[in-house]
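Subject: The model you asked about

Hi,

Here is the structure I said I would pass on. Have it open while you read, and my notes follow below.

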Amino acid sequence: MSGKFNHADLDEPGLRGSLCGFRPHNNVVIVLLGRILQLSCAVDAFTHLVEGYLNTNANILSDTLAEKGLVLFGESLKFLQVEDCNIEVREKLLLASTIAGMVISQTGTSLPHAMGYALTYDKGLPHGTANAVLYPGYLKCFKKTAKLN
């Protein structure tokens, strides 16, 4: 769930738009989501951060925010991998997600988000998962690698 509060935040088939209006800092929402959807939302926030950071519209403010969001996501990653998302970890992820929304409100998203919708709507993949499937190819396209290192 990103801070932009649009239908893309929960594009799980059958849930589209059903959680619009909830604030991303509302931990109750994340606790109620199933594990797969929690992971998908976390990955979606990560892709917002990366796409905003690498975007041609990026600026010093969006980069600073993206870097902070990526640090928060990184601190949470080991807990996501072992299914140990306690409240503190969820709060970090929600803060990273909120920051990600702030980033993409300035920069927009990129190709993986547009392409990911086809996988979500046509194949039923959760939105964040669909984006993640496309990321290895997306990251290989960059000629300027300074921000990737």
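Below is what I found, starting with confidence and the overall fold and then going into the packing.

First, keep in mind that this is a predicted model. The mean pLDDT of the chain is 78, with 72% of the residues at 70 or more. Among the elements, helix H1 (residues 27–32) has the lowest mean pLDDT, 53, while helix H3 (residues 60–81) has the highest, 93.

Of the 149 residues, 42% count as buried. If you take the contacts with a separation of 6 or more, 66% of them are between residues 24 or more positions apart.

Now the inside. The largest nonpolar core has 14 residues, and Leu49, Leu54, Ile99 and Val103 have the most contacts inside it. Helices H2 (35–54), H3, H4 (87–107) and H6 (127–140) each give two or more residues to this core, and H2 gives the most, with 5. There is also a second, separate core of 6 residues, including Phe73, Cys85, Val89 and Leu93.

Is Ile99 buried or exposed? Its relative accessible area is 8%, and the cut-off for buried is under 20%, so Ile99 is buried. Leaving aside neighbours within four places in sequence, Ile99 is in contact with Leu49, Leu65, Lys68, Gly69 and Leu72. Ala66 is 33 residues away from Ile99 in sequence, yet their C-alpha atoms are 7.1 Å apart in space.

Last, the pair H2 and H6. Their axes are 8 Å apart and the helices pack at an angle of about 40°, which means H2 is oblique to H6. H2 passes H6 in a left-handed crossing. On the H2 side the contact is made by Ser40, Val43, Asp44, Thr47, Val50, Glu51 and Leu54. From H6 come His127, Gly128, Thr129, Asn131, Ala132, Tyr135, Tyr138 and Leu139.

Cheers

Definitions and conventions. Residues numbered from 1 in each chain as written. Predicted model: local features only at pLDDT ≥ 70, side-chain atom pairs only at ≥ 80, totals over all residues. Heavy atoms only, no water. pLDDT = per-residue confidence, 0-100. Helix = DSSP H or I, 4+ residues; strand = E, 2+ residues; numbered from the N terminus. Core = buried A, V, L, I, M, F, W, Y, C linked by side-chain atoms within 4.5 Å. Buried < 20%, exposed > 50% of the residue type's maximum accessible area, 1.4 Å probe, protein only. Axes fitted to C-alpha atoms, helices over the stretch in contact; angles between N-to-C directions. Parallel < 35°, antiparallel > 145°, perpendicular 65-115°, else oblique. Left-handed = near helix turned anticlockwise from the far one by under 90°. Contact = heavy atoms within 4.5 Å.
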